[in-house]
Amino acid sequence: MPVSNFVNPADLVRFLPEIILTVMGTLLMVLDPVLHKRSSYAFGHLSLLGLAAALVASVYAFRDPGPAFGGMLMVDGFATFFRVLVIGVGILTILPSYRFLARHDAETSEYHALLLYSIAGQCLMVSANELIMIFLGLEISSIASYILAGYLRDDKRANESALKYFLLGSFATGFFLYGVAFIYGSTGTVNLTSVHAALTGPNAPSPVFVGVAAALMFVGLAFKVSAAPFQVWAPDVYQGAPTPVTAFLSAGPKAAAFAIFLRIFMTSFQPIANGWEPLVWGSALLSMTIGNFAALLQSNVKRLLAYSSIAHAGYVLVALTARSDVGTAAAMFYLAAYAFMNVGAFAVVSHLSGRGERYQNVDDFAGLGQKQPLTAAMLTIFLLSLIGVPLTGGFFGKFYIFKAALESHLVWLTVLGLLNSAVAAYYYLRLLVMMYMHEPSEAATNAEPLSFGLSAALILPALGTLVLGIFPSWVLEFAGRSSNLVK
Amino acid sequence: MSAVPISWYLTLSAVIFALGVAGFLFRHNIITVFMSIELMLNAVNLSFVTFSYQLKQVNGHLFTFFVMVVAAAEAAVGLAIILTVFKNRSTLNIDDIDSMKN
């Protein structure tokens with residue numbers, strides 16, 4: 001390739017969100033000594049500014065969609081959808097972080113810089129069109145989030161959380177990468193569309209080899225999205241990590257990992273779909289069942305939400321099992337709805353938990369409706385959405401997923417999935433009953449008044465949940481137009 | 001030219017990868033577990049180089065550099081995390097690190 005073609009302006013525009021996030025993250029660390037003396041909130045403001053700029057850049061880049069850097073990146077509707085989603089999750093993570101960090105005397109530039117780097121990695125992941133680029137994005141995102149999970153480094157639980165996340169995350173990466181090596185060896189390419197072409201072409205490689213590769217990559221990705229039987233790390237990691245970070249981990253990296261899951265399996269491995277469908281079918285059912293039944297037994301709310309997030313990963317896998325464009329669109333819609341409701345729910349936990357995160361139990365939510373009606377009302381919206389009650393995003397998410405599954409004749413999976421949702425209603429309702437029908441607990445009585453950042457962190461996702469529930473077609477139509485990944 | 005058949009390299013790589021997985025699952029010292037992960041990544045590197053040689057392409061060689069850089073970054077972060085765990089608990093036995101349950 002001639003040097004003059006190496007970088008052209010269009011490529012840079014398509015790569016702008018990642019550039020902005022990386023520059024802003026580095027700037028935060030460089031400016032640390034100056035800003036630290038002025039105001040402890042400056043870091044938060046600056047990273048919000050960076051995220052807002054990246055959000056605008058993502059939308060701007062979509063005005064002229066297409067490949068960048070010789071086909072290594074692909075900026076299409078799918079990539080833009082997930083870029084906006086992960087950047088949005090970043091904004092909703094920083095809002096409750098102001099108060100959380102102040103409460104723990106832990107306001108540093110690193111927290112925000114790492115968050116921005118992690119989001120940059122996720123943006124790269126979702127727009128990558130090549131397995132090695134996906135791997136790099138995945139690692140940029142993961143390595144930054146390993147540190148974030150252990151950010152409160154004197155806290156034993158945070159240490160443990162970071163260690164487990166790191167060990168199991170790297171283990172999963174090993175599997176994913178070995179799968180990439182096999183794909184490279186059997187097809188001679190790592191470009192997603194070229195792999196698709198090689199698998200359908202006249203000299204198609206041995207199906208055994210490709211099958212092993214797909215299985216290895218499935219294991220790696222299932223770890224990353226915390227799908228059963230590779231979900232064991234999630235409860236400990238989510239419980240031990242600082243709550244705003246938990247909110248981030250349960251939505252951002254997960255959505256990005258699902259994005260590459262969809263892109264790889266619906267593009268590259270689409271020709272061998274009959275082979276991987278039973279694998280994903282089993283994992284979907286197992287995730288829903290394990291997640292929901294284990295959540296019934298939890299008394300710690302962060303742990304409960306961790307198991308619930310495993311169950312929700314199962315629902316998204318149902319959409320993947322449908323292996324149709326409708327299924328892909330349903331998965332995209334669900335991940336958006338899930339991001340709003342889950343980040344919102346964790347923001348409430350972050351608000352209530354107090355210094356040292358003492359109050360994390362279901363009992364601590366007792367009487368919250370009496371003491372802080374607004375917080376309780378917002379949490380009610382999130383919980384109803386997690387259950388899947390109509391007029392919330394969670395309802396339409398489930399509705400579209402099971403509709404897509406039925407259209408692909410997955411009757412049993414749909415029936416078992418719906419039964420699972422019914423089981424799930426129990427543990428979410430338990431939290432609601434606790435909030436409204438019990439005498440106020442120590443935690444609810446001592447809860448601080450809502451700060452501006454926290455109010456925004458609760459009201460924005462609540463609005464998002466309701467908008468997705470009342471006007472689902474706005475998002476669904478865009479998802480539907482972007483869901484045809486095989487080009 | 002090639003005295004050793006390609007399949008031998010691939011077998012070696014698979015064996016090393018399996019050793020890494022076994023080490024990860026069965027060893028109790030955190031440092032050893034971490035080394036097992038590095039072993040897995042290096043097994044992958046060996047496959048990349050082998051495939052690259054077989055395909056007469058340069059790409060696979062380049063991928064190993066990416067993998068090495070990522071592995072180095074992972075080592076830096078991982079060892080730092082392991083150090084803080086040791087500082088707070090004075091143990092490196094993975095079975096002792098289970099403070100979170102109901």
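Rings of Phe, Tyr and Trp count as a pair if their centres lie within 6.5 Å. By that rule, the structure holds 41 aromatic pairs over all chains. The model is a predicted one.

**Extent of the interface**

- In chain A, 44 residues are in contact with 44 residues of chain B.
- About 3,700 Å² is buried between chain A and chain B, and carbon and sulfur atoms give 75% of this area.
- On the side of chain A, the residues that lose the most area to chain B are A:Phe171, A:Tyr178 and A:Tyr184, which together account for 19% of what that side buries.

**Polar and charged links**

- Between chain A and chain B, 11 residue pairs are in polar contact.
- The rule finds 1 salt bridge across this interface; the side chains of A:Glu160 and B:Arg89 meet in a salt bridge, at 3.1 Å from N to O.

**Make-up of the chain A side**

- Helix H7 (131-149), helix H8 (156-187) and helix H11 (233-240) of chain A are the elements that each give two or more residues to the side touching chain B.
- H8(A) supplies the largest share of that side, with 23 residues.
- By class, the side of chain A that touches chain B has 22 nonpolar, 12 polar and 10 charged residues.

**Aromatic residues**

- One aromatic cluster includes A:Phe171, A:Phe175 and A:Tyr178 from chain A as well as B:Phe17, B:Phe24 and B:Phe51 from chain B.
- In chain B, B:Lys56 lies over the face of B:Tyr53, at 5.6 Å from the ring centre.

Notes. Residues are numbered from 1 along each chain as its sequence is written. Chains are lettered from A and ligands numbered from 1 in the order in which they are written. This is a predicted model: local features need pLDDT of at least 70, side-chain atom pairs count only at pLDDT 80 or more; totals for chains, interfaces and linings use all residues. Side-chain values use heavy atoms; hydrogens and water are left out. Contact means heavy atoms within 4.5 Å. Buried area is the accessible area (1.4 Å probe) that two parts lose on being put together, summed over both. A salt bridge is a side-chain nitrogen of Lys or Arg within 4 Å of a carboxyl oxygen of Asp or Glu. A polar contact is a pair of N or O atoms within 3.5 Å; within protein, one must be able to donate a hydrogen and the other to accept it, and residues adjacent in sequence count only if both atoms are side-chain atoms. Helices (H or I, at least four residues) and strands (E, at least two) are DSSP runs, numbered from the N terminus. Ala, Val, Leu, Ile, Met, Phe, Trp, Tyr, Cys and Pro count as nonpolar, Asp, Glu, Lys and Arg as charged, and the others, Gly among them, as polar. Rings of Phe, Tyr and Trp (its six-membered ring) pair if their centres lie within 6.5 Å; planes under 30 degrees apart count as stacked, over 60 as edge-to-face and the rest as tilted. A charge sits over a ring if NZ of Lys or CZ of Arg is within 6 Å of the ring centre and within 35 degrees of the ring normal.
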